[in-house]
Amino acid sequence: MPPAAVSPLAPVSDGVRVALRVTPRASRAGVAGLGTDAAGRSYLKLRVNAPAEGGKANAAVIKLLARAWGMPPSRMQVVVGAKDRFKVVHVAGDSRALAAQLSVWIEKQNND
């Protein structure tokens with residue numbers, strides 16, 4: 001388990017960027033907790049049922065996060081790693097409010 005101070009969130013001027021590691025074609029979709037790469041960067045681990053072809057896994061990631069965070073999918077976009085397991089999703093909005101909201105959500109996922 002990574003230290004509590006490590007977060008996959010990065011506030012930017014027009015929202016928040018969230019680092020992800022996605023497993024496509026999983027038997028069960030959902031959030032699998034936090035992970036840390038060799039450089040010490042944190043990411044949110046996700047599993048989606050969709051295959052990694054034709055953008056289906058990316059669409060499933062957006063749908064999963066939108067449902068989990070209670071916000072419209074139109075506020076989210078994969079901005080890095082469209083064809084990679086490691087992705088960065090941009091969530092548009094007020095960066096402070098989003099960072100606070102998503103930090104609470106991530107902490108809750110870690111404690112469940």
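The secondary structure of the protein chain comprises 2 helices and 6 strands, where helices (H or I, at least four residues) and strands (E, at least two) are DSSP runs numbered from the N terminus. In order from the N terminus, the elements follow the pattern β-β-β-β-α-β-β-α. The model is predicted; local features require pLDDT of at least 70, side-chain atom pairs count only at pLDDT 80 or more, and totals for chains, interfaces and linings use all residues. Residues are numbered from 1 along each chain as its sequence is written, and side-chain values use heavy atoms, with hydrogens and water left out.

The mean pLDDT (the predictor's confidence in each residue, from 0 to 100) of the protein chain is 92, and 95% of its residues reach 70 or more. Over residues 1–5 pLDDT stays under 50, and the model has 3 contacts beyond four places in sequence for these residues, a contact being heavy atoms within 4.5 Å. Where pLDDT is low, the predicted coordinates should not be read in detail.

The C-alpha trace of the protein chain spans about 35 × 30 × 25 Å along its principal axes. The radius of gyration is 13 Å, in agreement with the value near 13 Å for a compact globule of 112 residues; it is taken over C-alpha atoms, and the globule rule is 2.2 Å times the number of residues to the power 0.38.

Strands are treated as paired if DSSP finds at least two bridges between them. Strand β1 (residues 9–12) pairs with strand β2 (residues 15–23) in the antiparallel sense over 4 bridges, and the two form a hairpin with 2 residues between them. Within this pairing, L9 has V18 of β2 as its bridge partner, while V12 stands opposite G15. Strand β2 is also joined by 7 bridges to strand β6 (residues 86–92), and these two run antiparallel. Here the bridge partner of G15 is A92 in β6. With β4, strand β2 pairs in the parallel sense over 4 bridges, and T23 stands opposite R47 in β4.

Strand β3 (residues 30–36) and strand β4 (residues 42–47) are antiparallel and share 5 bridges, with G35 opposite Y43. A hairpin with 5 residues between the strands is formed by β3 and β4, and G40 in its turn has a positive phi of about 90 degrees.

Pockets were identified on a 1 Å grid over the protein atoms alone, as open sets of points where a 1.4 Å probe fits, with protein on both sides within 12 Å along at least five of seven lines; lining residues have an atom within 4 Å of a point. Grid points are joined across faces, edges and corners, and a volume is the space filled by probe spheres set on the points. The largest pocket has a volume of about 200 Å³. Its lining consists of 14 residues, of which A52, A82, K83, D84 and K87 lie nearest the centre. By class, the lining has 5 nonpolar, 3 polar and 6 charged residues, with Ala, Val, Leu, Ile, Met, Phe, Trp, Tyr, Cys and Pro counted as nonpolar, Asp, Glu, Lys and Arg as charged, and the others, Gly among them, as polar. Helix α1 (residues 56–69) gives the most to this lining, with 3 residues.
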